[in-house]
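Thanks for coming, everyone. Please have the sequence open beside it.

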Amino acid sequence: MTFTETLLAPWMLVAGWLLSAAVLGLALAQRPWRALVGRPAAQHRLMAAAVAVMLLWQLRAQAVDWLSLHLMMTALLTLMFKAPLALLINLAVNVAMLAVGKVAWPLLGVNVLVSGVVPALVMVVAWRLVDRWLPDNLAVFLFLCGFFGSALATLAAGLGVLAIVGLGTTDPQAWFLVTEYARFLPLLMPSEAFITGMLLSLMLVYHPEWVATFNRHRYIDTK
């Protein structure tokens, strides 16, 4: 879910900008571009991923003017590039949506928050739990991070939209419509989980080095 037209109170829009800017600032402080320096193949993968996500975002369901349903793919980006680069890709995709006129510019902050920051945070937590506490098993990583983690990330993003509308607008019609949209979350969650898990499976089999959060030595070489 992302917002497409301004419906929220100004203070909520400002809060979205501030929170998103703070998290992106922390991401930039990690200097994630170091993983790309001198690695043309990694740079090409990042650019290809950004273009692919931007194209996927064009496939959206929209019954009202101010809210749309679409795949986010932030969970997969987080697994592939880790959270800082995933957030920068998400920012670039959101800016592209502004450039083509799909989204009103004041919504950039809240959209980065719900489509980037929230799912990336959930994915990082899921990955850390799997990495630290669970056995070094390829199937565990694939199913808990790729399938279950991405479904949770989608759920968290949808709940984030509900919270933002509930706090940021006094229009009862808007609250009614967003709760109706929330009923589609059980459809979005398995869709996002299936696509993320399928693509992650292919990469882990053929190109595990493409997944930055995957330790090939732990999960494959030592078996």
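Start at Thr213, in the loop between α8 (185-206) and α9 (216-221). Helices here are DSSP runs of H or I with at least four residues, strands are runs of E with at least two, and both are numbered from the N terminus. This is a predicted model, where local features need pLDDT of at least 70, side-chain atom pairs count only at pLDDT 80 or more, and totals for chains, interfaces and linings use all residues. Residues are numbered from 1 along each chain as its sequence is written, and side-chain values use heavy atoms, with hydrogens and water left out.

Is Thr213 buried or exposed? Buried, with a relative accessible area of 5%. The cut-offs: buried is under 20% relative accessible area, exposed is over 50%, and partly exposed is in between, with a 1.4 Å probe and protein chains only. What does Thr213 touch, beyond its neighbours within four places in sequence? Thr78, Leu79, Lys82, Trp127 and Phe141. Contact means heavy atoms within 4.5 Å. There is also a polar atom of the Thr213 side chain 2.9 Å from the backbone oxygen of Leu79. A polar contact is a pair of N or O atoms within 3.5 Å; within protein, one must be able to donate a hydrogen and the other to accept it, and residues adjacent in sequence count only if both atoms are side-chain atoms.

Leu79 takes us to α3. How many of its eight residues are buried? Eight of eight, so α3 is mostly covered. The buried set is Thr74, Ala75, Leu76, Leu77, Thr78, Leu79, Met80 and Phe81. They pack against α2 (40-56), α4 (83-99), α5, α6 and α8.

Now confidence. pLDDT is the predictor's confidence in each residue, from 0 to 100. The chain mean is 91, and 98% of residues reach 70 or more. Helix α3 (residues 74-81) has the highest confidence, at 96. Strand β2 (residues 61-64) has the lowest, at a mean of 74. Where pLDDT is low, predicted coordinates should not be read in detail.

Step just past α3. Lys82 has a positive phi there, about 75 degrees. Lys82 sits in the loop between α3 and α4. With a relative accessible area of 38%, Lys82 is partly exposed. Why point this out? Most residues other than glycine have a negative phi. Arg31 is another non-glycine residue with a positive value, near 50 degrees. Arg31 lies in the loop between α1 (10-29) and α2. Arg31 is partly exposed too, at 45% relative accessibility.

Next, charges. Side chains of opposite charge can pair when their charged atoms come close. A salt bridge here is a side-chain nitrogen of Lys or Arg within 4 Å of a carboxyl oxygen of Asp or Glu. How many salt bridges does that rule give? Three.

Take Arg218 and Asp131, at 2.6 Å, N to O. This pair links distant parts of the chain: Arg218 is in helix α9, Asp131 is in helix α5, and they are 87 residues apart. Arg218 also bridges to Asp136, with the closest N and O atoms 2.4 Å apart. Asp136 is in the loop between α5 and α6, so this pair ties together parts that are 82 residues apart in sequence.

Arg183 is exposed, at 62% relative accessibility. Glu180 is partly exposed, at 26%.

Last stop, the surface. Leu121, Val125, Leu129, Trp133, Leu134, Leu144, Phe148 and Leu152 make a nonpolar patch of about 770 Å². Two elements each give two or more residues: α5 (108-133) and α6 (138-168). Which gives the largest share? α5, with four residues. Leu121 lies in α5 and is exposed, at 56%. Patch residues have over 30% relative accessible area and no salt bridge; like charges are joined within 9 Å, nonpolar side chains (Val, Leu, Ile, Met, Phe, Trp, Tyr) within 5 Å. Areas come from the Shrake-Rupley method with a 1.4 Å probe; for residues, only the protein chains shown count as cover.
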